[in-house]
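Open your viewer and get your selection tool ready. We will take a few stops together, one selection at a time.

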Amino acid sequence: MARTEASPSVQAKLGYRSADALVLHLPIRYEDETRLTRLRDLAPGRPALVEGIISRAEILYRPRRQLLVTLTEPETGEGFHFRLLNFYPSQQAQLKPGLRLRLYGEVRPGFFGAEMIHPRWRSVTTETPLPTALTPVYPTVAGLTQGRIQKAISAVLATADLTETLPAPLPDRLGLPGFETAIRRLHAPMPGDDLSSLEQRRHPAWRRIKFDELLAQQLSLRLHAGQRRRQRAPVLAGTGLAERLLDRLPFPLTSAQNRVYQEIRTDLGQTHPMHRLLQGDVGSGKTCVAALAALVAVGNGHQAAVMAPTEILAEQLYLKFREWLEPLGIRVVWLAAALKGKAKREAAAEIADGDAAVAVGTHALFQDDVAFKSLALAIVDEQHRFGVEQRLALREKGAGNLPHLLMMSATPIPRTLAMSYFADLDVSVIDELPPGRKPIATKVVGDGKRAEVVARLRDYCAGGAQAYWVCPLVEESEKLDLRAAIDAHAELVAELPGLRIGLAHGRLKADEKAAVMAAFKAGELDILVATTVIEVGVDVPNASLMVIEHAERMGLAQLHQLRGRVGRGGRESICLLLYSEPLSETARRRLRVIRDSQDGFVIAREDLAMRGPGEFLGARQSGAPLLRFADLEADQDLLEAARDAAAELLRTDPDAARRHLDRWLPRGDDFMAA
Ligand code: ADP
Ligand code: MG
């Protein structure tokens, strides 16, 4: 049978592992071939089904070779044409005068009168019935025709398991159709169906499918969470060492820091691994909470690892950890990719024999040649910059059992994302900044006023303050990125004689970079010209002016993070966002958001609306499967219903839950993001 022959390759080409999964390959739109339209009733630009009898077919050679077929509409005798610019001899042979055709396409006024170009056509008799359902148009890939997909899917629909996976009252209660009804309706809507609600995915049949997808996600997350609770982690109960740091800190914890520290302490005392996200706006003091958590691990005779996405961030953490931990007699080591040879071997040896209680570094920390003696806590800063595998790899370093995992982020996860992708994550929020922070006055300035900005910089630094000059991130090219910073540095050096101006960028060697940062921190430099390497974690309280060039090219979250480098000292702080003209309406809107808000949550929400969820999920790095059908913002009601239903289904009918997951995740992949 041609059908069964076609479907395996269709299935493979579309990337499905099982034939039944093809029932979830859903149309993007429909064509109405259920009724004929008269030529005189055709609306311009709207495709329709017409009928005609061929009166003549000829090959023309000008302006190019083509087959011109002339037809008359049987009922009215009106004439029209269609043209095929590519055709096979077999088609030419078939299209003979007298043949009756049904053609689907758009009719336009053309060179030869009313005409269609490459319509879909088939020969019919007066008896041939019209289809009773709309014709689905499926997403496809190169080399696969609609006809083959349609055939394969209708074959699968005849045999696939479409049984209900939800308990009886649930679909009714939610006002959703049954699974089979929804699937059949979406593949073959009835002529009276509301096409726009189908195509915009608002139709109840669509809502059922989206609900099922979200339910599968929620089930999968709950099962993961259940698994995690069955895993073992070291119980870290004693907190004496952490309390010694608390006594020595030059400041009291804010009440938010304290609350979050208590939450973490409680987690660390459990027998299963912590899986917690510590969320706090730029400058809210996450590092200090992380240091306390590390000390809980160390105080219980284990090790802690602290990982940041870039060397410069990791280094900032390293310096802070040393400053706080070494006076307590705790050995902190540094491990990054740039560390080579003997130094690296020594660091690895200290980690392996346990002399180093805390290791700080980049992803080099979880490479194969690094073995911890007894890793009990993995801390990951700016977690969204890592892929899932990288985050999880650090956990594999636990000896025998899993280490506790503390992730930190200054980019708040919007509620809908937290409920879906991050549902198996406990979240702690530091929602308060340390006292004494000054608001940052943010101004948006066209780069035509660059000279004024430079003059202002001079006055500012003359008064003893320090400033950052940040150069744009050019995504496509690290080289250009570097060029921009080097040029800006050279210009400023020429324009501002007498000021001490340093340069930091990602291509500097680690020790050179560290030297520049240290000089800036020590007040030996007035201005630090930098690429976005200073984005997160750099902490120089005396720096109170920041100029960001080409701010229009940067993401909102990134601008917010950059700006968070100032406003940390006693001085009034200023951030100048330079943009180059002309500025698009969107860019203008985004810069306005940054100018008017200093609230990371407001900014993140705007960022999500403008850029979609991928940024938050680190999906670009991880390739975590995103939802295919549901839209977290638009379908929030379904998300909430799915969350409740998942809990209920696992409790009342685990078999149905299993079948539901098998339907949606036939490859055993899942929706985990964290
Ligand atoms: P982030 O949350 O952005 O990582 P940091 O941990 O770098 O913030 O903290 C920013 C600055 O605030 C650091 O200089 C830190 O020492 C300081 N800090 C942290 N907690 C407090 C506090 N409770 N009171 C005063 N300053 C604090
Ligand atoms: Mg930080």
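Buried, on this tour, means under 20% relative accessible area, exposed means over 50%, and partly exposed is in between (1.4 Å probe, protein chains only). This is a predicted model, where local features need pLDDT of at least 70, side-chain atom pairs count only at pLDDT 80 or more, and totals for chains, interfaces and linings use all residues. Residues are numbered from 1 along each chain as its sequence is written, chains are lettered from A and ligands numbered from 1 in the order in which they are written, and side-chain values use heavy atoms, leaving out hydrogens and water.

Start by selecting Arg 83 and Glu 115. They form a salt bridge (a side-chain nitrogen of Lys or Arg within 4 Å of a carboxyl oxygen of Asp or Glu), with the closest N and O atoms 2.9 Å apart. Arg 83 sits in strand E4 and Glu 115 in strand E7, so the pair ties together parts 32 residues apart in sequence; strands (E, at least two residues) and helices (H or I, at least four) are DSSP runs numbered from the N terminus. Arg 83 is buried at 15%, and Glu 115 is buried at 6%.

Next, pick Arg 208 and Glu 164, another salt bridge, at 2.7 Å between the closest N and O atoms. Arg 208 belongs to helix H7, while Glu 164 is in the loop between helix H3 and helix H4. Arg 208 is buried, with a relative accessible area of 0%, whereas Glu 164 is partly exposed at 29%.

Finally, select Glu 648 and Arg 173, whose closest N and O atoms are 3.5 Å apart in their salt bridge. Glu 648 is partly exposed at 24%; Arg 173 is exposed at 56%.
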